Amino acid sequence: MSFPILSRALAACMLLLLGAAAQAQAQAQAQAPAWPAKPVRLVVGFPPGGIVDTVARQLQPRLQAALGQTVIVDNRSGAGGTLAAAEVARAAPDGHTLLMVFDSYATCPLVYPKLSFDIAKDLQPVTQVASNPLVLVVNPKVQAKDFQRFVGLLKAQPGGLNYASVGPGSSNHLTAEYFKAVSGTFVTHIPYRGGGPAQQDLLGGQVEMMFLSAVLAQPHVNAGRLRALAQTGAQRAPAYAEVPTVAESGYPGFEVNSWVGLLAPAGTPRAVVDRLQAEVRKAVTEPAFQQRLREQGLTGIANTPEQFAAVLRTEQDKWTRLVRERRLSLE
């Protein structure tokens with residue numbers, strides 16, 4: 001006889017609890033600080049004019065319009081971008097200080113083992129913004145006109161040719177070592193302190209080959225100053241439609257991409273991270289932005305934080321294994 005009365009009492013209690021929960025949620029949202037509440041600083045760990053800086057400056061006006069706050073691109077170059085990363089890792093996790101990184105971010109613990117921050121704990125992925133393959137380019141004095149003949153030349157002259165990189169642990173250094181491992185060839189590594197000197201000697205013929213960013217290689221290839229033999233992406237990039245990939249040229253599974261990504265200090269609210277990722281996705285799907293990226297040999301990505309985190313883990317695992325197996329010196 002008392003069950004209907006008890007049921008009505010339980011229902012009333014449930015309604016009260018749900019109402020209290022809704023009220024608490026509304027109060028929490030009302031008390032949460034608005035974001036962004038001040039200018040947003042987009043820290044770039046490289047000098048103006050490079051790929052990371054270029055993408056950041058293309059993104060800046062679109063983020064500024066979407067967020068309703070000033071977005072400042074702040075170049076803090078030095079130590080392969082790790083000085084900027086350390087600064088952002090120490091910043092307040094409130095979404096007002098962000099970091100644009102290059103693919104070298106995934107390998108910086110290998111190159112700089114005494115970092116003042118932990119890339120897995122102190123910074124959190126927001127999204128990968130864009131990517132492009134590297135292109136195997138050679139000085140025109142190299143006799144081989146295609147990739148297969150070039151591999152044959154390397155095998156016939158082990159150690160007879162040199163390759164340039166922008167320094168130990170860089171993407172063009174590790175990609176070349178990856179290529180040497182799968183192709184069974186030996187080419188001498190000539191490290192440089194930056195891309196400018198490396199490209200200058202490549203163009204001058206002091207070194208014969210380099211795995212160069214597709215963006216940087218394109219004007220030289222178009223002008224005939226360098227010859228493109230292969231590209232490192234899984235598929236051919238539109239800007240290099242006539243150039244085969246390494247994978248399709250006899251080395252299946254070979255894939256390396258240069259990329260630009262966005263990170264925030266660890267602890268940044270998930271709502272802020274999701275908003276940033278959504279605004280970047282809107283930008284990279286905008287036709288004018290896509291066209292600008294294509295002109296630079298880039299492809300827009302704007303993946304989720306979880307997908308970007310998985311990319312970082314894969315990159316770190318791949319290059320750490322390569323460095324250990326080949327006992328590479330990164331000093």
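User: In this predicted model, how are H2 and H10 oriented to each other: roughly parallel or roughly antiparallel?

Analyst: Two packed helices are described by the angle between their axes and by the distance between those axes. Here, helix H2 (residues 51-67) packs with helix H10 (residues 287-295) at an angle of about 170 degrees, and their axes are 11 Å apart. Angles over 145 degrees count as roughly antiparallel, and H2 and H10 are therefore roughly antiparallel to each other.

User: Which residues of H2 and H10 meet?

Analyst: From H2, the residues are Gln58, Leu59 and Arg62. They meet Ala288, Phe289, Arg292 and Leu293 in H10. Sorted by class, this contact of H2 with H10 has four nonpolar, one polar and two charged residues.

User: At what angle do the axes of H2 and helix H9 cross?

Analyst: The axes of H2 and H9 (residues 270-284) cross at roughly 125 degrees and come within 10 Å. That angle makes H2 oblique to H9. On the H2 side the contact is made by Leu59, Arg62, Leu63, Ala66 and Leu67, and on the H9 side by Arg275, Glu279, Val280 and Ala283. By class, the contact of H2 with H9 has six nonpolar, no polar and three charged residues. Leu59 and Arg62 of H2 take part in this contact, and Leu59 and Arg62 also meet residues in H10.

User: Is the crossing of H6 with H11 left-handed or right-handed?

Analyst: H6 passes H11 in a left-handed crossing. Helix H6 (residues 171-183) and helix H11 (residues 305-326) pack at about 60 degrees, with axes 11 Å apart. H6 contributes Leu174, Thr175, Glu177, Tyr178, Lys180 and Ala181 to the contact, while H11 contributes Trp319, Leu322, Val323 and Arg326. By class, this contact of H6 with H11 has six nonpolar, one polar and three charged residues.

User: How many bridges join strand E1 to strand E2, and in which direction do the strands run?

Analyst: Strand pairing is read from the bridges and from the direction of the two strands. Five bridges join E1 (residues 40-44) to E2 (residues 71-75), and the two strands run parallel. Within this pair, Leu42 stands opposite Val73 in E2.

User: What unit do E1, H2 and E2 make?

Analyst: E1, H2 and E2 make a right-handed β-α-β unit. The helix of this unit, H2, is also the helix that packs with H10.

User: Which residues does a cis peptide bond join?

Analyst: The omega angle is the value to read for a peptide bond. A cis peptide bond joins Trp35 and Pro36, with omega at about -5 degrees. Pro36 lies in the loop between helix H1 (3-31) and E1.

User: Where is Ala302 found, and what is its phi?

Analyst: Ala302 is in the loop between strand E10 (299-300) and H11. Ala302 has a positive phi of about 55 degrees, although it is not a glycine.

Notes
Residues numbered from 1 in each chain as written. Predicted model: local features only at pLDDT ≥ 70, side-chain atom pairs only at ≥ 80, totals over all residues. Heavy atoms only, no water. Axes fitted to C-alpha atoms, helices over the stretch in contact; angles between N-to-C directions. Helix = DSSP H or I, 4+ residues; strand = E, 2+ residues; numbered from the N terminus. Left-handed = near helix turned anticlockwise from the far one by under 90°. Contact = heavy atoms within 4.5 Å. Nonpolar A, V, L, I, M, F, W, Y, C, P; charged D, E, K, R; others polar. Pairing = 2+ DSSP bridges. Right-handed = clockwise from strand over helix to strand, strands pointing away. Parallel < 35°, antiparallel > 145°, perpendicular 65-115°, else oblique.
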